Protein chains: 2
Amino acid sequence: GDPAAGKAKAAVCAACHGADGIAVIPGYPNLKGQNEQYLVNAMKAYKNKERSGAMAMVMQPQAAMLNDEDIANVAAYFAQMK
Amino acid sequence: GDPAAGKAKAAVCAACHGADGIAVIPGYPNLKGQNEQYLVNAMKAYKNKERSGAMAMVMQPQAAMLNDEDIANVAAYFAQMK
């Protein structure tokens with residue numbers, strides 16, 4: 001994906017995952033430097049309702065707003081964070 | 001949790017997540033330095049069958065073998081990795 005395009009899309013993600021990719025809430029994952037393909041897999045799992053429970057209640061609506069290109073870009077953005 | 005006890009339990013995890021917590025398979029997550037509470041949440045989500053799909057097919061049986069203490073220890077082990 002394109003990290004620059006991802007940065008714009010990821011503004012809302014920063015609220016929980018941190019502008020630096022370090023989660024502001026300990027129960028949520030850090031995304032900084034995470035594997036790009038895993039991030040795509042996780043966002044799609046939420047979007048496709050393969051995940052339920054407390055975290056999914058927050059994440060599913062977020063992922064549902066992203067198309068595949070957005071998902072690839074947001075994943076690239078967090079993956080390249082050093 | 002107790003990272004030392006977690007290290008022993010985490011031997012099998014290293015097969016996919018890496019002995020250094022960097023996943024050997026790009027579609028799987030790095031665990032190194034991840035939030036301890038998130039790791040507990042994620043393992044419990046798999047154990048409680050709140051996650052389905054390809055990754056869950058691998059992870060659910062793994063998490064099912066762990067009790068709450070194991071989960072806390074394995075989470076502490078990967079979280080403290082620098």
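In this predicted model, Glu36(B), Leu39(B), Val40(B), Met43(B), Lys44(B) and Lys47(B) of α3(B) touch a set of α5(B) residues that includes Asp68(B), Ile71(B), Val74(B) and Phe78(B) (contact means heavy atoms within 4.5 Å). Local features here need pLDDT of at least 70, and side-chain atom pairs 80 or more, while totals for chains, interfaces and linings use all residues. Residues are numbered from 1 along each chain, chains are lettered from A in the order written, and side-chain values use heavy atoms, leaving out hydrogens and water.

**α3(B) and α5(B)**
- Helix α3 (residues 36–47) and helix α5 (residues 68–79) of chain B pack at about 135°, axes 8 Å apart.

**α3(B) and α4(B)**
- With helix α4 (residues 54–64) of chain B, α3(B) crosses at roughly 100°, the axes coming within 7 Å.
- So α3(B) is roughly perpendicular to α4(B).
- Met43(B), Tyr46(B) and Lys47(B) of α3(B) make this contact, with Met55(B) and Met59(B) among their α4(B) partners.
- The class count here is 7 nonpolar, 1 polar and 1 charged.

**Second largest pocket**
- Its volume is about 190 Å³.
- Both chains line the pocket, with Ile22(A), Lys32(A), Ile22(B) and Lys32(B) among the residues.
- The lining divides into 2 nonpolar, 6 polar and 2 charged residues.

Methods. 1 Å grid on protein atoms, 1.4 Å probe; cavity = no way out; pocket = protein on both sides within 12 Å on 5 of 7 lines; lining within 4 Å. Points joined across faces, edges and corners; volume = space filled by probe spheres on them. Nonpolar A, V, L, I, M, F, W, Y, C, P; charged D, E, K, R; others polar. Axes fitted to C-alpha atoms, helices over the stretch in contact; angles between N-to-C directions. Helix = DSSP H or I, 4+ residues; strand = E, 2+ residues; numbered from the N terminus. Parallel < 35°, antiparallel > 145°, perpendicular 65-115°, else oblique.
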